[in-house]
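Me: I'd like to go through the charged contacts in this one. Can you take me through them once it's on screen?

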Amino acid sequence: MTRLSVIVGVASGAADVLRRHLRALAEQTLQPVDVVVPHDPSRHAFASLAEAHPAVRFLAVHLDDGEVADGRSHDVLRTAGLRAATGDILVLVEDQSVPAPGWLAALAAAFERYPDAGAVGGVIDCEPGSKVA
């Protein structure tokens, strides 16, 4: 069985946006082995979310001002999340997304069907009625 880790990039920084995403992950038909949310606690206040989602690993990564100023903060956070993840397949997603209930199961099925694949993806529904492939 495929073991997936989900690394959630904090793009919005808003707790309500991340809360919506974590709810959608909890409703997946296939649960990941872990969910990692790398964030800078000096820039993001997620303590209440951490309490509400004890299975999610909120990974504190302290960014320096240079990493933020030159736009490397997302790369630094994402890399920390990738290093902390424990799954065989690492799934990168941002907090603004709301994955459909079968999203992780479809990713796992694609990797099982194409075991030599290095990456898989899917349709992104940006707005009701519009699709980006």
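Me: What should I know about the model and the numbering?

Reply: This is a predicted model, in which local features need pLDDT of at least 70 and side-chain atom pairs count only at pLDDT 80 or more, while totals for chains, interfaces and linings use all residues. Residues are numbered from 1 along each chain as its sequence is written, and side-chain values use heavy atoms, with hydrogens and water left out.

Me: Is D65 buried or exposed?

Reply: D65 is exposed, because its relative accessible area is 59%; the classes are buried under 20%, exposed over 50% and partly exposed in between, with a 1.4 Å probe and protein chains only. R43 has 35% and is therefore partly exposed.

Me: Which residue does D40 form a salt bridge with?

Reply: D40 forms a salt bridge with R43, the closest N and O atoms being 2.8 Å apart. D40 counts as buried because its relative accessibility is 0%.

Me: What else does D40 touch?

Reply: Leaving out residues up to four places away in sequence, D40 touches V61, H62, L63 and L77, contact meaning heavy atoms within 4.5 Å.

Me: Switching to the strands, how do β2 and β3 pair?

Reply: Strand β2 (residues 34-39) and strand β3 (residues 56-60) pair in the parallel sense over five bridges, pairing requiring that DSSP finds at least two bridges between two strands. H39 has A60 in β3 as its bridge partner.

Me: Back to charges, how many salt bridges are there in the whole structure?

Reply: A search of the whole structure finds five salt bridges. One of them joins R78 and D75, with the closest N and O atoms 3.3 Å apart, and both residues lie in helix α4 (residues 73-84), three residues apart, about one turn of the helix. Elsewhere, salt bridges that share partners join D40, R43 and D65 into one network.

How values were computed. Helices (H or I, at least four residues) and strands (E, at least two) are DSSP runs, numbered from the N terminus. A salt bridge is a side-chain nitrogen of Lys or Arg within 4 Å of a carboxyl oxygen of Asp or Glu.
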